[in-house]
Amino acid sequence: MGELDSAPMTSPTDDTASTAETDKARTGAFASRRPISRLTILRALVEVRMWWRDGVIADLDHVATIERVRGESLLTSRYIFMTAMSAGIAILGLLLSSPAVVIGAMLLSPLMNPILGTGFSLATGDADWLRRCGKALVAGSVFAILFCALIVYFSPLQTVTEEIAARTRPNLFDLLVALFSALAGSYAVIRGREGTIVGVAIATALMPPLAVVGFGLATFNWTVFGGALGLFITNLVTIGLTAALMARLYGFQSDMTHRQTRLQSMVMVAVFVSLAVPLGFSLRTIAWEANGQRIVNQEVAEAFTGRARVEQPIVNWAAEPVTIAASVFTPEFNPGADSEVAERLSQRLGRPVVVTIDQFQVGTDPGAAEQAALAQARVREAAEASERQIATLGQSVALIAGVARKDVMLDRENQTVQATAQPLAGLTLSGYRQLEQRLERTTPGWTVDLRPPLVALPEVTVGEEGLDDANTSRVALIGWAARRTGLRITLSGSESALAAVTQALGADARYIDTRTSGAGNTVTAAWSTAAGTVPD
């Protein structure tokens, strides 16, 4: 009790006064603090710069890094060989539409080295190194384009595949991919972690665009040529300039003055902006088309019942007006679907639209539409396979005959292909017939009519027991040559030998003129000097 009695008593008034004094003291303390000054910010920046210079840049061996990058960025026989191998694999992967093969070409491509070398030479101001890197880059790029164009020119496959089309519309995202990849690649080179370059090579994909450029050159498809070339230039410039900025950031100094360095930086920024603006518009167009495709799918589906099955509509955005074609499997026809969908799409897209919808009536059971769609997909796949087979046959015939593809006549209705072969050194009449037979075996159901050049005809020997197998084959070869060319052939020999050969020719004897001479058992054949065509 004594302690309680001796404790001082406080009133509510005292507590209020004490709180007010505490708040006043705190307010005074905050008021006495000055705001962060510009000098404080500058001091912090100086400290960060000193840490970067003494703690990061000081640990780097700049001379060794420069020598390593320089040694891998110049024009050498190994560089050309690896460029050729990478280009060959890339174009074959693109023609086959095989992503795995295309990735393999990316891993082999040596083009990243001279591009990084270009960036480091810009940062250090080494004009001779820059010139040599540019020489290696130009030589490798031109060689890759021409090598790919040569492969495509002689290839029976010259169709624009999905892998090829994917590299013909560069956009802002491609620039960002190249930017981030270049940052990673430059860091890996500077810090001595070259294993990261493998991932950078896949991300930037320098060789596939060059291969597509070669494809466009060989097929005279300038849309593909220009689009792929734009993608390659985007990657090249972005990687080179980013490497230069990273090299300068990590202390790879040059002999240029401060004014020259600032001017170079301004030029780099201007180049980035000049690339980003058109690529941004391209990305905007692609995004608009993707959103438009979603709207088209939605409007076509809403024109039919929920049991209908809509195949992916095909939209030609480049047409004026925009054309849309779709196939619908539905249990109920909608006669006015074309006009209804066209009207709604014109309002939503803000552009005139022409819609063509092919409606296929199916049963009312739940799986009927899916089954019909699957059946049509199989028919379409078979038709596409047949078209590829026909295209391959035409290219093969043109290649073997030594003529242009336009000189090969394809009769789809009668499944017949015709071409007139050019003379090939060392190839006999029998060789031309074997080529024709080989082509027919590769395309069952088709008849190949290869017209041979007027090369030497074989001699036929009639034995005492008639024609043996070898001479029977020679007679058949003479008949084939007369039949294919439609020209008359003159046979010379004894009467009995001519009779045996003529009999063996059968129906092909109508192409033959005979001339009796001598009494031997050998029959010679020659193209008639006044050869005329034989009516069918």
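1. Rings of Phe, Tyr and Trp (its six-membered ring) pair if their centres lie within 6.5 Å; planes under 30 degrees apart count as stacked, over 60 as edge-to-face and the rest as tilted. By this criterion F220, W222 and F225 form one aromatic cluster, and the structure holds five aromatic pairs.

2. The model is predicted: local features need pLDDT of at least 70, side-chain atom pairs count only at pLDDT 80 or more, and totals for chains, interfaces and linings use all residues. Residues are numbered from 1 along each chain as its sequence is written, and side-chain values use heavy atoms, with hydrogens and water left out.

3. The pair F143 and F147 is stacked, at 6.0 Å centre to centre with 5 degrees between the planes. These residues are four apart in helix α8 (residues 127–154), so about one helical turn separates them; helices are DSSP runs of H or I with at least four residues, numbered from the N terminus. F143 is partly exposed at 33% relative accessibility, as is F147 at 26%. Here buried means under 20% relative accessible area, exposed over 50% and partly exposed in between (1.4 Å probe, protein chains only).

4. Y153 and F154 pair edge-to-face, at 5.1 Å centre to centre and 90 degrees between the planes. Y153 is exposed, at 55%, whereas F154 is partly exposed, at 47%.

5. R70 lies over the face of W129, 4.6 Å from the ring centre. The criterion requires NZ of Lys or CZ of Arg within 6 Å of the ring centre and within 35 degrees of the ring normal.

6. Overall, 39% of the 536 residues in the protein are buried.

How values were computed: Helix = DSSP H or I, 4+ residues; strand = E, 2+ residues; numbered from the N terminus.
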